[in-house]
Amino acid sequence: MTGVELWHRVQQFLFREARLLDERRLQEWLALYTDDAQYWVPYAWEQKSPKDHVSLFYETKSLLSMRIDRLERELSPLDSPMARVNHYLTNVQVDAVSVAEGAELDARAHLLFVEHRREEQRWFAGRASWRLRPRGEDFLIAAKRVDLLNADQEQGHLRFAVPF
Amino acid sequence: MREENGSKAYAELVGRGRVHRRFYTDPEVFAEERARIFRRVWLWLGHESQVKNPGDFFTTRLAGERVIVARHADGAIHAFHNRCTHRGAEVCPASSGNARNFVCPYHAWTYRTDGSLASVPLDQGYGADWRARMAGLRLEPVARLASYRGFVFGSHAAEGESLETYLGPEVRAAFDNLVERAPDGEIELAGGRTVQRYRGNWKLQLENSIDLLHPRILHRSAIDAADRVDHGGQPPSIEWDIVKSNGLTLREWDGMKIAAMPGGHCWMAGFLTKAIDENSLQARYRKMMVERHGERRATEILAFNRHNTIVYPNLFVNSRVAQIRVLAPVSVDCTEQHGYIFRLKGAPEEMFEASVRMVNTNNSPSSIVTSDDHEIFERIQQSLASGRHEWVDLSRGLDDEDAHSHATVGTNELPMRNQHRAWAQYMAASSP
């Protein structure tokens, strides 16, 4: 497989992940993650570890599944009415961790996230990175990290309902 | 509201078992709260572990005003306004660090870490009495500064009761217990902070944190989601436990002990699930505590089972999980809530990691628990203006209220009324 083919396949996969979030197909979105996946949105810029510093999100697949289950059952005032979201990915790059067939690879992109809910639209810019585990012709996400440019802004953030 | 009858009129916003909606919605009331409450009382600034060494400093807000807290070369801690006495620029933009001097970026007026003015460029241009005038151009000190067990408080009021008197014995016990839970008897603030913002009045959070009728109802979606998690034979995560712990029945919440104290302070008993207390990490920690203090004293320290101790008007202390939250009101309809964690010196590092994960779960803007609270606060703020009905009801438990016996059943709204009585007392007095 050429570099262009790999890049194309990874990019299509990342676009699919974004689309599942945007279309609110959250169980299908979660199915893209490995059972041991980590989903991390650090609080500090260039944060080194989620263990010794607070995070905006630091979740296992089990915690993500609890979050999504809650959103999908629509019992929470937090998510009623549901937010409409768009994920925009640009600057997609692929770094192969190893040249071995079937080895994990890293992808990164710039992320723009726009959310509309209850008469308000807000947006976040950030840098996303993924550790991808090949599964046949496809991939699974073993880890995703999103660094928001304003993660640590002094005035804090209004609540986040839907993952980035 | 006219100034001449203002004080009386403010106090009248708090009635028997009810408060007027302007208590939450009137910008003029908010401005007066700042002057009469937040500029008068002791407010938490930080912890001495943030300024361990000479030159260490951090910046924060005190009743909305920007201040620097620094440890000077002689070891004393100082707090002063982050505002150059020359033209008014912020002299220290960093959130924390170590500095020999604070140098204003505009004209290089240079201050020592005790706030005194050390030098200015071309000082011959300021006239013959410049040396004498320099003493009066130090960074303006915060009017009063005091520490209790390493917790640093400041007050904008030059006069008033001592910090220890202000806190009172039952609040001091929460700080004592937080320090005593460290096997080495020492704690340090670490791990950054969370900042949740909501578009509602600050008092909504103050009430909510002692409101035991709401968790089972408002947080139902999170509790139900936790109930449906399949752990696959693995022990549940600390995050899951935190969410699940809200799932007591209404009857169980009603059976919890709460207490209201003079000055508007209050506390509630602990309610975390047994899983959080009865695991191998806790067993290891308990053994360390027994080795240090002996069985009897260790048991006494660990038996102190409170959730929030709420220090009026804006601080929540939880010694059991080594956390502090503080409310920073921004405007009448916007509030920040800051969450901080402490590392217990001598305890297993995994306990600190568990505290980090607990704060992520409860006090990150992504929290599936407190985000529901904040959503409700925003809806209250939006809806209060509607209709002709002027009052908000806080009458639960009013009939059997003994204003000064203060321990009562969990869902009694006594602690909220106690907060608002303190509010009315502060607001009835003119500003300091």
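This is a predicted model: local features need pLDDT of at least 70, side-chain atom pairs count only at pLDDT 80 or more; totals for chains, interfaces and linings use all residues.
I will start with where the two chains meet.

Now to chain B by itself. The domain assignment divides chain B into domain 1, residues 44–147, and domain 2, residues 164–428. Between the C-alpha centres of these two domains of chain B the distance is 35 Å. The contact between them takes six residues from domain 1 and six residues from domain 2. On the domain 1 side, strand β3 of chain B, residues 43–47, gives the most, with three residues. That side of domain 1 is made up of four polar residues, one nonpolar and one charged.

Next, a helix. In chain B, helix α3 covers residues 27–38, and its buried residues are B:Val29, B:Glu33, B:Arg36, B:Ile37 and B:Phe38. Why do these five belong to the same side of α3(B)? Because the arc they cover around the axis is only 150°. If you turn to the face pointing away from that buried side, you find B:Pro27, B:Glu28 and B:Ala31, which are exposed.

From the helix I move to a sheet, also in chain B. This sheet is open and has three strands, in the order β8-β9-β10, with antiparallel pairing. Its edge strands are β8 (101–103) and β10 (117–119), each of which pairs on one side only. From one strand to the next, the twist averages 35°. As background, strands of a sheet pair through backbone hydrogen bonds, in either a parallel or an antiparallel way. Looking at one pair here, β9 of chain B, residues 110–112, meets β10(B) in the antiparallel sense over two bridges.

Last, some backbone details. In general, most peptide bonds are trans, and most residues other than glycine have a negative phi. Where in chain B is B:Pro313 found? Its place is the loop between β16 (306–311) and β17 (315–318). The peptide bond that leads from B:Tyr312 to B:Pro313 is cis, with omega near 10°.

In chain A, the loop between β4 (105–117) and β5 (120–135) contains A:Arg118. A:Arg118 is not a glycine, yet it has a positive phi of about 45°. Is A:Arg118 buried or exposed? It counts as exposed, because there are 11 C-beta neighbours inside 10 Å and the cut-off for exposed is 12 or fewer. A:Glu119 lies in the loop between β4 and β5 of chain A as well. A:Glu119 is not a glycine either, and its phi is positive, at about 70°. With 5 other C-beta atoms within 10 Å, A:Glu119 is exposed.

That is the end of the walk-through.

Methods
Residues are numbered from 1 along each chain as its sequence is written. Chains are lettered from A and ligands numbered from 1 in the order in which they are written. A residue is buried if 20 or more other C-beta atoms lie within 10 Å of its own, exposed if 12 or fewer, and partly exposed in between; C-beta atoms are placed from the backbone. Helices (H or I, at least four residues) and strands (E, at least two) are DSSP runs, numbered from the N terminus. The arc is that of the directions from the helix axis to the C-beta atoms. Two strands pair if DSSP finds at least two bridges between them. Axes are lines fitted to C-alpha atoms, for helices over the stretch in contact, and angles run from 0 to 180 degrees between N-to-C directions. Domain bounds come from an automatic or database domain assignment. Two residues are in contact if their C-beta atoms, placed from the backbone, lie within 7 Å. Ala, Val, Leu, Ile, Met, Phe, Trp, Tyr, Cys and Pro count as nonpolar, Asp, Glu, Lys and Arg as charged, and the others, Gly among them, as polar.
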